[in-house]
Amino acid sequence: MKPPGRHERFAHTPWPAAVAKAALVGLAVVLAMHASGAAADEAPSPRTGRLELLSGSSQQAELVSLTSDGSTWRSAEGIVQVAADSLLSWGQCPAAVIGPSLRLRDGSVLAGDLVAWSDTAVVLESPLLGRVRLPLAAVEGWQASAASSARVPAAVDAAWLHLQLTNGDILRSRSVVIRAGSAVASVAVSNDPDSRAAAVTAAIPLHRVQAITAPSAPPGSLDEQRSHTAAIVGLQDGSRLAVESLQPAGAPQAASPSRHDDILLRPAAPLDRPDPSIRCPRDAVTGLLATGRQRMPLAWMVPANAEQTPLFGPAWPITTRTTLTGQPVAARGRPAFTGLGLHAAARVAYWLPAGLAAEGLRAAVAVDDSAGQGGSVVIRIRGGASPQAARTVFQSGILRGGEPPLEIAVDLAQARWLELVVEPTDDGDVLDRTIWLEPRLL
């Protein structure tokens, strides 16, 4: 027998029962609307995010303060104190900066318009942080957009400033002065790195400059600074700032009552002013990644050995600020504060600093988004007291393009030597580009 149709069901339902049924349905709708309204009232604040600890526990919490000694959080259970060596992360890494931004040597990225550049300092106008003045020694470069980072062609150019113009030309310069919308540069006439030609002074409209890259920093110059960095903090505009501390800004000022809920960020990079802190709206902070000696990002370490052996074509570089194709560090829509780009077949090895024997390694690995559904690799991690004593502590199955990032949590048992290995599969090494999201030693 087929079930009765809609009209047949009502035809066989007595009138009082139909009224009762309708009343119950209406009551259910009202209760559901009330429940949804209550749920909306109890929805977590935009300031809350997922607080993850090394122990594996997590909860929704609001960031109150952060220093190299520990952090304070507000959760549903009240105020929570977390020791520095227990914190892993909080909230979400923001999407990368789309427009102009300043890159710092410590890995920070600040969104904003370039105001001035001289032989001693760089000034940026940030929508969230206001006017920020930094010593030139702290600056790696500036770019007009995410796709305009200058490609320095030769290692011998490391002592020069480089200006990438909108037409693709890259000019070498001894100095650059930017003011009133123009760049006055002492520009090398020849693009030949071995040229001895004298530089000439040229005025270039700033809108024709796509990127500026500062001379390379001496090796190891950031080690001490990074060891005191408590976290990398992400902001709504895509900025990522390495900080020593984050504190409430205090009571409101009469002149600016709307600023009473700001926070003070103390950047790891020194500011070119007596006050070491930057005021920031609290709601602009989207997340953070704990760092320092207890949580050392591999992107901050200089490899003891790095090699990439292609089956065909030239060797690929190893990248730390971008993917192998120059895109912001991300995979499958998941941005990351730090990363490594490795193309199979690749092997990267690290001697871990004295007193920093690693207990574990955390990372997420995926085939680069630029590979689409192509590419297939196997990941191996080796660790030990020395290169001779290293053994395989992790080996993945085949990781293919388009798959979500593979989460890795490896026990290194106090290793002093670490190797990351990316191997191609039987189909060759075409599109075998990997991106490692936030690899770090614990």
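Reader: With which residue does Arg382 form a salt bridge, and how far apart are the closest N and O atoms?

Author: Arg382 forms a salt bridge with Glu419, and the closest N and O atoms are 3.0 Å apart. A salt bridge here is a side-chain nitrogen of Lys or Arg within 4 Å of a carboxyl oxygen of Asp or Glu. The pair links distant parts of the chain, with Arg382 in strand β29 and Glu419 in strand β32, 37 residues apart. Both Arg382 and Glu419 are buried; buried means under 20% relative accessible area, exposed over 50%, and partly exposed in between, with a 1.4 Å probe and protein chains only.

This is a predicted model, in which local features need pLDDT of at least 70 and side-chain atom pairs count only at pLDDT 80 or more, while totals for chains, interfaces and linings use all residues. Residues are numbered from 1 along each chain as its sequence is written, and side-chain values use heavy atoms, with hydrogens and water left out.

The two strands that carry this pair run antiparallel: eight bridges join β29 (residues 376-384) to β32 (residues 417-424). Strands are DSSP runs of E with at least two residues, numbered from the N terminus, and two strands pair if DSSP finds at least two bridges between them. Among the residues of these bridges, Gly384 has Trp417 in β32 as its partner.

Both strands belong to an open sheet of five strands, ordered β23-β27-β32-β29-β30 with antiparallel pairing. At its edges lie β23 (305-308) and β30 (391-400), each pairing on one side only. Neighbouring strands of this sheet are turned by 10° against each other on average, direction ignored; axes are lines fitted to C-alpha atoms, and angles run from 0 to 180 degrees between N-to-C directions.

The side chains of Asp369 and Arg332 meet at 2.2 Å, N to O. Asp369 lies in the loop between β28 (358-367) and β29, and Arg332 in the loop between β24 (330-331) and β25 (334-335), so this pair ties together parts that are 37 residues apart in sequence. Asp369 counts as partly exposed because its relative accessibility is 38%, and Arg332, at 27%, also counts as partly exposed.

The structure as a whole holds 16 salt bridges.

Key
Helix = DSSP H or I, 4+ residues; strand = E, 2+ residues; numbered from the N terminus.
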